[in-house]
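Here is a brief report on charged side-chain pairs. Look over the sequence and the model before reading on.

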Amino acid sequence: PYFLYCVMAEYLRVIKIVLDGFKEFCLQNSTYKLILVLAGSSEAIERVSEYMKKIGLSERVEIKSKLPYDELLSLYSSASGLVVALDPSNKQDEARFSQKIAEYLSSGTIIISNQVGEVKYYFKNKINIMMGEFSSLGFCNSFKWIAENPEKAASVGLAGYELGKKEFDYKVCARRLNTFLATL
């Protein structure tokens with residue numbers, strides 16, 4: 001079993017929070033791994049790798065990069081949970097709706113995120129997403145809940161998929177846009 005976090009390696013500040021949460025989780029659970037799918041410069045990826053070594057996670061965290069898209073989708077579908085770490089003190093995270101969330105939703109796997117920006121308007125904790133506080137303890141608790149409740153986590157992931165089909169499918173959005181434009 002594994003969790004997956006797909007992120008730009010340059011976001012080391014945020015990655016550290018997730019890694020620290022995973023380390024805490026590892027003290028309670030010896031079976032899960034974390035796969036980091038990293039994009040970015042080789043220097044930034046090396047900094048992430050160095051931090052993993054520093055906190056003793058080299059054996060439990062695997063770094064992947066430049067994956068073919070079909071392999072990436074397969075990893076999404078097989079994961080126990082998919083991480084989207086959104087920082088409430090970051091204006092960019094507050095103002096945007098992560099495209100990664102839409103991509104993750106298509107897999108039907110539970111998403112682990114934070115109540116930041118648009119996320120709080122679309123998602124409900126343990127109904128169609130796993131929502132925790134933006135801290136290492138918050139991520140640890142999310143990993144722990146999923147590990148202890150795999151059937152419920154799968155159900156939450158499928159509810160997220162259904163929400164994605166209803167709210168974010170390009171056909172649905174195009175129809176809504178067309179209807180709106182017709183009223184002008």
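The report below covers the salt bridges and their surroundings.

## Basis

This is a predicted model, in which local features need pLDDT of at least 70 and side-chain atom pairs count only at pLDDT 80 or more, while totals for chains, interfaces and linings use all residues. Residues are numbered from 1 along each chain as its sequence is written, and side-chain values use heavy atoms, with hydrogens and water left out.

## Salt bridges overall

Side chains of opposite charge can pair when their charged atoms come close. A salt bridge here is a side-chain nitrogen of Lys or Arg within 4 Å of a carboxyl oxygen of Asp or Glu. The whole structure holds six salt bridges.

## A link between distant parts

Arg-13 pairs with Asp-87, with 2.5 Å between the closest N and O atoms. This pair joins distant parts of the chain, 74 residues apart. Arg-13 sits in helix H1 (residues 12–28). Asp-87 lies in the loop between strand S4 (81–83) and helix H4 (91–95). Helices (H or I, at least four residues) and strands (E, at least two) are DSSP runs, numbered from the N terminus.

Asp-87 is buried, at 4% relative accessibility. Arg-13 is partly exposed, at 46%. Buried means under 20% relative accessible area, exposed over 50%, and partly exposed in between (1.4 Å probe, protein chains only).

## Other pairs

Helix H8 (residues 150–168) contains both Lys-165 and Glu-162, three residues apart, or about one turn of the helix. Their closest N and O atoms are 3.8 Å apart. Lys-165 is partly exposed at 41%, and Glu-162 is partly exposed at 43%.

Glu-62 bridges to Lys-64 at 3.1 Å between the closest N and O atoms. Glu-62 is partly exposed, at 30%. Salt bridges also link Lys-166, Glu-167 and Arg-176 in a network.
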